[in-house]
Amino acid sequence: MIRINPCFEQIPRQYLFTQTAGKAADWVKRHPEKSLIRLGLGDVTRPIPAAAAEAMAAAALELQHSATFRGYGPEQGYRFLREAICRWDYAARGVNITPDEIYISDGIKTDCGALLELFDAESVIALCDPVYPAYVDAAAICGRAGVYDHRSLRWSKLLYLSCTAEHGFVPHPPKCHADLVYLCFPNNPTGAAADRTQLAEWVDWANDVNAVLLFDGAYESYITQENIPHSVFEINGAQRCCIELRSFSKSAGFTGVRCGYTVIPNELRREGRCIRELWERRLSGRSNGVSYPVQRGAQAIYSEAGQAQLRETIAYYQENAIMLRNGLRDMRFTVYGGENAPYVWAETPKGMTSCEFFDLLLEQCGVVVTPGVGFGSCGEGYVRLTAFGDRKETQTALERIRLLM
Ligand SMILES: *Cc1c(COP(=O)(O)O)cnc(C)c1O
């Protein structure tokens, strides 16, 4: 008799986010005359750079002629894109990464789960709390997370690194054993960024204990402060212990187009094996790469025009983020993030739970935020507001909240 993957019995339904979406839909029904403002968005709203759209269109047209038709591309990604990434994202920052160490993917969410396949099933996986839920789901679906406890909101086999305001939501390396650590800076959901010293502490620890860091740099393009590294490979020794994931989703609005990349340095070796070669072997069996037009679109981001268009959109979101941060501060909220990330992490007032505050903002203001507890137990007492919305709407949301406070 066929049986389903038993891990699915353990995996909780995403009831919190389903519930909040349901409440928002219900509010709209009850208030047909009012407008709902969504500051819970995890998706961008501004269009992709024109340079990328034009390059994709041109690439699509190439495919109709036999002279320029292309079938399966290289699994690793086209060299033209890997070279552009190498030049613009690494060499320009003084980081020595070669095109051979770069792997084009259809986005980070895919790779952050798939990378687990390179390591033993008994590896201890550590992650931040609060956390981007995709890491947890990936570990749980392949049976590496153990048993889920609904009370603590934690899995028995995962090692949680509590992120609190006390240390600016950047955890120190654990004192106990861990093999694989998911780190994401600038962070979703807290908006915290790790500086050079903090990242160096992690890299030194990983090299000491032989751990591997899976570094999610999805929000790299939002970094504004000088002391925040744009790549983990700016840190000495990182090439021996880190894998970096980057995405065009939040930088170039590619959430629907789908493209990102993973960097596995040659120097990353374990048990005498080059991890990059294992990944290549895995890719050849599990993937046929990313479509040609999409890779041409991504390449076009690395041009003067593409960069200018991208910077304009990022600046728009950054201004929203600062407006949210300052606006909430003026109302005496304790807020974090927003400076190097499109997320503002706000403490709930008067000791409310994150769900109580969600309800209050929805009912009284018609503003949707994300309850922090949805990202883990340490997110309790916070809500996340995103800067991906419309400028005017973001302003209106602040005015409505001001009336309430
Ligand atoms: C949005 C986001 C991503 C992007 O994932 P893609 O699959 O590339 O769209 C990755 N990591 C984090 C933390 C995110 O918030």
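User: Is Glu319 buried, exposed or partly exposed?

Analyst: This is a predicted model, and the accessibility is computed from its coordinates. Buried means under 20% relative accessible area and exposed means over 50%. Glu319 has a relative accessible area of 49%, so Glu319 is partly exposed.

User: Which residue does the side chain of Glu319 meet in a salt bridge?

Analyst: In general, side chains of opposite charge can pair when their charged atoms come close. Here the partner of Glu319 is Arg391, with 3.3 Å from N to O.

User: How many salt bridges does the structure hold?

Analyst: The structure holds 16 salt bridges. One of them joins the side chains of Asp100 and Arg79, at 3.3 Å from N to O. Asp100 sits in the loop between helix H4 (79-90) and strand E2 (102-105), while Arg79 is in helix H4, 21 residues apart. Asp100 counts as partly exposed because its relative accessibility is 35%. Arg79 has a relative accessible area of 40% and is therefore partly exposed.

User: Which residues are linked in a network of salt bridges with Arg79?

Analyst: The network links Arg79 with Arg82, Glu83 and Asp100.

User: Where do Glu234 and Arg196 lie?

Analyst: The side chains of these two, Glu234 and Arg196, also meet in a salt bridge, 3.3 Å from N to O. Glu234 is in the loop between strand E8 (212-216) and strand E9 (242-247), and Arg196 is in helix H7 (residues 196-209), 38 residues apart. Glu234 is at 22% relative accessibility and so counts as partly exposed. Arg196, at 36%, also counts as partly exposed.

User: Let us turn to sheets. What is the order of the strands in the open sheet of four strands?

Analyst: The order is E13-E14-E17-E16, with antiparallel pairing. Strand E13 (335-337) and strand E16 (370-371) are the edge strands, each pairing on one side only. Strand E14 (residues 343-347) pairs with E17 in the antiparallel sense over five bridges, and Val344 has Leu385 as its bridge partner in E17. E16 is joined to strand E17 (residues 382-386) by two bridges, again antiparallel. There the bridge partner of Thr370 is Arg384 in E17.

User: Which side chains of E17 point one way, and which the other way?

Analyst: In a regular strand the side chains alternate between the two faces of the sheet. In E17, Tyr382, Arg384 and Thr386 point one way and Val383 and Leu385 the other way. E17 is mostly covered, with five of its five residues buried.

User: What kind of aromatic pair do Phe169 and Tyr382 form?

Analyst: A pair of aromatic rings is described by the distance of the centres and the angle of the planes. The structure has 25 aromatic pairs. For Phe169 and Tyr382 the centres are 5.7 Å apart and the planes are at 85°, which makes the pair edge-to-face. Phe169 lies in the loop between strand E6 (159-162) and strand E7 (180-184) and Tyr382 in strand E17, so the pair ties together parts that are 213 residues apart in sequence. Both Phe169 and Tyr382 are buried.

User: Which residues do ring pairs link into a cluster with Phe169 and Tyr382?

Analyst: The cluster also includes Phe17, Tyr336, Trp345 and Phe375.

User: Rings can also face charges. Which ring does the charged end of Arg296 sit over?

Analyst: The charged end of Arg296 sits over the ring of Phe80, 3.7 Å from the ring centre. In another case, Arg46 lies over the face of Tyr316, 4.0 Å from the centre of that ring.

User: Finally, which residues make a nonpolar surface patch of about 310 Å²?

Analyst: That patch is made by Ile4, Phe8 and Ile141. Ile141 is in helix H6 (residues 133-141) and counts as partly exposed because its relative accessibility is 39%.

Notes
Residues are numbered from 1 along each chain as its sequence is written. This is a predicted model: local features need pLDDT of at least 70, side-chain atom pairs count only at pLDDT 80 or more; totals for chains, interfaces and linings use all residues. Side-chain values use heavy atoms; hydrogens and water are left out. Patches are made of residues with over 30% relative accessible area and no salt bridge: like charges are joined within 9 Å, nonpolar side chains (Val, Leu, Ile, Met, Phe, Trp, Tyr) within 5 Å. Accessible areas come from the Shrake-Rupley method with a 1.4 Å probe; for residues, only the protein chains shown count as cover. A salt bridge is a side-chain nitrogen of Lys or Arg within 4 Å of a carboxyl oxygen of Asp or Glu. Buried means under 20% relative accessible area, exposed over 50%, partly exposed in between (1.4 Å probe, protein chains only). Two strands pair if DSSP finds at least two bridges between them. Rings of Phe, Tyr and Trp (its six-membered ring) pair if their centres lie within 6.5 Å; planes under 30 degrees apart count as stacked, over 60 as edge-to-face and the rest as tilted. A charge sits over a ring if NZ of Lys or CZ of Arg is within 6 Å of the ring centre and within 35 degrees of the ring normal.
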